[in-house]
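Take a look at the protein below.

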Amino acid sequence: MGCAPFPGVIPAYRQDMRDPDVPRLPSSPGFWRSPLRGPWLTSVLGLVLLAGITVLFVTGLISYAAYNPGLSPVNDKTPDKGILGFYLFAWPTRPHWLYRLNQGVHVTLGITLIPVLLAKLWSVVPRLFALPPARSFAHALERISLVLLVGGGLFEFVTGVLNVQLDYVFPGSFYPLHFYGAWVFFAAFVAHALLKMPTALRNLRHLREERNDLVSPRPAEPTVSRRGALWFVGGGSLLLFVTTVGQNFDGPLRRTALLAPHGGGDPGSGPNGFQINKTAAYAGISAAESGEEAWRLVITGRTGTVRLSRAQLAELPLHSSALPIACVEGWSTSDQWWRGVRLRDLAALVGYDVGDPPDLFVESLQRHGAFRSAALRANQVADPRSLLALYVNGEELSPDHGHPARIIVPAAPGVLNTKWVARMTFGDL
């Protein structure tokens, strides 16, 4: 015979299921019961993101400008940008570490802010489900900006992380998607910041919580304080920082960058033992076409075309430059010693004044893939440190580092330092 419950007693779980006062939908105010949510926590996280995302946006625009997208359709992966390109300028060559610093900050900071972004989204999640969707026209505009803010933020961070991991799976080019997404996200971010800044500052000045829609009407028992939650988020950011920042350095510290790409192959040791992005095998460069017998550099300009073997290039005046390699994914090397022929001297071979060379269009032996060709501005060609490099750190370039010859330009993104150079065309682009 079964045991019946005592009369009038209902198990707690059944009471919760039957009690009409217990919310079952995310749109109900009492559904979200964390005692941590409230104006103070949201304000702190919001102000951290305000500073961090502003730096991300500025460094992102600077990174885009470094490609000289206004120079040639070859470099411009963002068509029809219109007024969004208002800030573009001729990318400088000084200081030579400019792009390395900018992109290191952009990628490292972006990854470090991920826990803060997720915590901020968690802190305001009740508002994403609030009903009715719009109580007034002004409230509707705020909700639309919130959708663009959340969607744009997730899109920018996800696409950025995938690109850093060399695992970009979205359709189309990363550059236009990330560029347009950044403008949509930052416009919503600015609108949201202007609306919420006075409230955020007021919440930080007063320790006593203001009650609003983020505060649960029936909070659960706290298991950690708000300050403890901030320490947890900060610890997550610190962990991501430590496992990312090493990609900006050579030597043992690079091995700590567990979340950052380490290039397309093992660079080995010796003078050519520094990070590689694309190997010769990946690019389809064969020893036969890059060998001394077959390879010739074709230089075209005002007075015609010149063909030079590697031995003939080595007989021209050679110069040295100490320059890093820095890539859009955030990794970089320390300064390597490159030796080769100045780009402006090569321009002089085809009829241009050494002191006033034109733009340059460079093509690689690589037949497929983005940036198998690239354009450089006249100021980059004119810099005495800009070389067609034949040697690095005292030895010939290895196949993976661009043998028989590669471009090296101060402060330029790595993809503009074309490897396995086959043809150089001087002239206005």
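Arg-423 and Glu-363 form a salt bridge in this predicted model, with their closest N and O atoms 3.9 Å apart. This pair links distant parts of the chain: Arg-423 sits in strand E10 (residues 421–426) and Glu-363 in strand E5 (residues 360–364), 60 residues apart. Arg-423 counts as partly exposed because its relative accessibility is 32%.

What lets such pairs form? Side chains of opposite charge can pair when their charged atoms come close.

The count of salt bridges comes to 4. Here are some of them:

| Pair | Closest N to O distance |
|---|---|
| Arg-423 and Glu-363 | 3.9 Å |
| Glu-396 and Arg-310 | 3.5 Å |

Glu-396 forms a salt bridge with Arg-310. Glu-396 lies in strand E8 (residues 395–396) and Arg-310 in helix H11 (residues 310–315), so the pair ties together parts that are 86 residues apart in sequence. Arg-310 is buried, at 6% relative accessible area, whereas Glu-396 is partly exposed at 43%. As for Asp-383 and Arg-385, both are buried.

Now for the nonpolar side of things. Phe-137, Leu-141, Ile-144, Leu-148 and Val-184 make up a nonpolar patch on the surface, and together they have about 500 Å² of accessible area. Which helix gives the most to the nonpolar patch? That's helix H6 (residues 137–164), with 4 residues. Leu-141 is in helix H6, and Leu-141 is partly exposed at 45% relative accessibility.

And the confidence? The chain's mean pLDDT is 85, with 89% of its residues at 70 or more. Over residues 1–18, though, pLDDT stays under 50.

Methods: Residues are numbered from 1 along each chain as its sequence is written. This is a predicted model: local features need pLDDT of at least 70, side-chain atom pairs count only at pLDDT 80 or more; totals for chains, interfaces and linings use all residues. Side-chain values use heavy atoms; hydrogens and water are left out. Patches are made of residues with over 30% relative accessible area and no salt bridge: like charges are joined within 9 Å, nonpolar side chains (Val, Leu, Ile, Met, Phe, Trp, Tyr) within 5 Å. Accessible areas come from the Shrake-Rupley method with a 1.4 Å probe; for residues, only the protein chains shown count as cover. A salt bridge is a side-chain nitrogen of Lys or Arg within 4 Å of a carboxyl oxygen of Asp or Glu. Helices (H or I, at least four residues) and strands (E, at least two) are DSSP runs, numbered from the N terminus. Buried means under 20% relative accessible area, exposed over 50%, partly exposed in between (1.4 Å probe, protein chains only). pLDDT is the predictor's confidence in each residue, from 0 to 100. Contact means heavy atoms within 4.5 Å.
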